[in-house]
Structure formats: structure tokens, C-alpha cells
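Open the structure in your viewer and have the selection tool ready. The tour goes from one stop to the next.

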Amino acid sequence: IGAGLGGGSADAAFTLILVNEKFSLGISMSDLMRYASRLGSDCPFFILNRPCYATGRGEILEKIELDLSAYSFLVVYPRISISTAEAFSKLRLSGTVNSVKDIVLAPIESWKDSLRNDFEPMVFNEFPELLSIRESLYQSGAIYASMTGSGSAIYGIFRKNALPDLFRSKEYVQMKII
């Protein structure tokens, strides 16, 4: 909770899918998406459960082809909880005119210079430890590193099977995705 990983939203979406299947309700994908959007803006994403470009409040989804199978991921949760509502209330958009969809479809090596999470400046100002984690990921060879959603987990994308062994002495929760 408060890690910016969509855990509650995923649980809600998968519960809708499970109830639909378990009770053979025959609810269409579009109706499941509509119901999910009533539960939360990012819940429809988890109904599709694949790479998408999101617009609106996050409920309007366009499937995109994004193959990250050549990479491994390190997700670091520093046990700091960020309130999504509070983060949105303090959000100041960067005004970047580049489309996120265009950026993520470009080579991943270009993301560091062009892909931004607008929550980071505000959250990093309040929790400088998170910026330090992101910088440590870059110093350890991450091709790209960022905060997840409205925070507070930080992830790094590395070449396949090239994950560093970081933060052993810290009380962070780490997940390696190979």
C-alpha cells in the first residue's frame, strides 16, 4: 500500500474477472472495463493486463507493442507510503509536449533523457531517500530508473540477468524480475 504499484487496483480488477468466470456471468470485456473504471481510474488497465498507453483519468487504454523480454528489473520498496490522493493534490505537470507513447516505443536507451514521472520532483523533495535509490540504480548500470506511479517504489531496468546486488544492509523490500 502506498508503493505506487497498483496493488489494490489489480486486486479489484482481478476480483471482477474471477467473479465473472466463477459464476459464468458472461460479462463482456468492455463491460468489465466499464465496471472497473467505477472502482478506480487505473483498474481497467489490470483488466487488460498488458502494455497500454493510458489517457483520460487512466481509464482510456490503447494497447501498444512493448517487448521488454531482453531486460531484467529491480524494484525497491523503501517502506515509505505515499498517499495517492495527496500526491495528485500536489502534482505540477512538467508541460512536456512529447507523447509518452512515442517515448516508450523508442529505444529504451533514450528513455533516461526523455521519459519523466511528474510525481518525482514533489515526492523526491519530501523523501530525498527515494532520489538516492534511483541514483544508486543508475550508478549500478540501470538503463532506466524511475519511481512507480505516485510512489514510493523505485525500479531499475537492466540488461537481462545483469541485476546488481544493492541495498543488502537496508530494510528495503526488493523484487528481482529476471
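Begin by selecting Ser-72, which stands opposite Phe-158 in β5. This is a predicted model, in which local features need pLDDT of at least 70 and side-chain atom pairs count only at pLDDT 80 or more, while totals for chains, interfaces and linings use all residues. Residues are numbered from 1 along each chain as its sequence is written, and side-chain values use heavy atoms, with hydrogens and water left out.

Now select residues 71-77, strand β3. Strands (E, at least two residues) and helices (H or I, at least four) are DSSP runs, numbered from the N terminus. Of the 7 residues in β3, 6 are buried; buried means under 20% relative accessible area, with a 1.4 Å probe and protein chains only.

Two strands pair if DSSP finds at least two bridges between them.

Move on to Asn-117, in the loop between α6 (111-114) and α7 (120-126). Is Asn-117 buried or exposed? Asn-117 counts as buried because its relative accessibility is 13%.

Which residues does Asn-117 touch, not counting those up to four places away in sequence? They are Ser-146, Met-147, Thr-148 and Gly-149, where contact means heavy atoms within 4.5 Å. A polar atom of the Asn-117 side chain lies 2.8 Å from the backbone oxygen of Gly-149. The Asn-117 side chain also reaches the backbone nitrogen of Phe-119, at 2.8 Å.

Definitions and conventions. Buried < 20%, exposed > 50% of the residue type's maximum accessible area, 1.4 Å probe, protein only. Polar contact = N/O pair within 3.5 Å; in protein donor to acceptor, adjacent residues only side chain to side chain.
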